[in-house]
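Thank you for making the time this morning.

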Amino acid sequence: VQLQASGGGLVQAGGSLRLSCAASGSINSIKTMGWYRQAPGKRRELVAAITSYGSTRIADSVKGRFTISWDNAKNTVYLQMSNLKPEDTAVYYCNADRMFSLYRQGGYWGKGTQVTVSS
């Protein structure tokens, strides 16, 4: 499974961005996909995850501002980010898992995409 993330960039506080993660390869084996982020000097943390059935998990820090969705036809997962804050600045990574689980990291990672929110 290969994951290609895109959509990062520089945005002002209060703005919006949409990240995309396109999966290729043995995509039928993927049951859960998610987005993680890592800010400088901090641990990588879950932002949002979604199963192929549509169940989701959203981190408390972004709840109400971020949404995750899965377009099965395009094999792509999106992270819609609104009302961005400077503390959302991080490298965002796409993740995929062969299990139905919103509480563990899968074994597949895409390259990160930088999101920078200016105040």
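This is a predicted model: local features need pLDDT of at least 70, side-chain atom pairs count only at pLDDT 80 or more; totals for chains, interfaces and linings use all residues.

Residues are numbered from 1 along each chain as its sequence is written, and side-chain values use heavy atoms, with hydrogens and water left out.

Let me begin with the empty space. Rolling a probe the size of a water molecule over the atoms shows where such space is left. Here a cavity is a set of points, on a 1 Å grid over the protein atoms alone, where a 1.4 Å probe fits but cannot get out, and its lining residues have an atom within 4 Å of a point. Grid points are joined across faces, edges and corners, and the volume is the space filled by probe spheres set on the points. The count comes to one cavity of 30 Å³ or more, and the largest cavity holds about 40 Å³ of space. Which residues line the largest cavity? They are Thr 32, Met 33, Gly 34, Tyr 36, Ala 49, Asn 95, Ser 101, Leu 102, Tyr 103, Arg 104 and Gly 106. Strand E4 (residues 32-38) gives the largest share of that lining, four residues, where a strand is a DSSP run of E with at least two residues, numbered from the N terminus.

One of the lining residues, Ser 101, sits in the loop between strand E9 (90-97) and strand E10 (108-109). Is Ser 101 buried or exposed? Its relative accessibility is 16%, so Ser 101 counts as buried, the term being used under 20% relative accessible area, with exposed meaning over 50% and partly exposed in between (1.4 Å probe, protein chains only). The side chain of Ser 101 also reaches the backbone nitrogen of Tyr 103 at 3.3 Å.

Another buried residue is Thr 51, at a relative accessible area of 7%, which is found in strand E5. Leaving aside neighbours within four places in sequence, Thr 51 is in contact (heavy atoms within 4.5 Å) with Lys 31, Thr 32, Trp 70, Phe 100 and Leu 102.

In strand E1 (residues 2-6) we find Leu 3, which counts as buried at 9% relative accessibility. Leu 3 and Met 33 are 30 residues apart in sequence and 10 Å apart in space, C-alpha to C-alpha.

Finally, the rings, of which the structure holds three aromatic pairs. Rings of Phe, Tyr and Trp (its six-membered ring) pair if their centres lie within 6.5 Å, and planes under 30 degrees apart count as stacked, over 60 as edge-to-face and the rest as tilted. The rings of Tyr 53 and Phe 100 have centres 5.1 Å apart and planes at 20 degrees, and the pair is therefore stacked. This pair links distant parts of the chain, 47 residues apart. Tyr 53 counts as exposed at 71% relative accessibility, whereas Phe 100, at 44%, counts as partly exposed. Tyr 93 and Trp 109 form an edge-to-face pair, 6.4 Å centre to centre with 85 degrees between the planes. Tyr 93 lies in strand E9 and Trp 109 in strand E10, so this pair ties together parts that are 16 residues apart in sequence. Together with Tyr 36, these two residues, Tyr 93 and Trp 109, form one aromatic cluster.

Definitions and conventions. On a 1 Å grid over the protein atoms alone, a cavity is a set of points where a 1.4 Å probe fits but cannot get out, and a pocket is an open set with protein on both sides within 12 Å along at least five of seven lines; lining residues have an atom within 4 Å of a point. A polar contact is a pair of N or O atoms within 3.5 Å; within protein, one must be able to donate a hydrogen and the other to accept it, and residues adjacent in sequence count only if both atoms are side-chain atoms.
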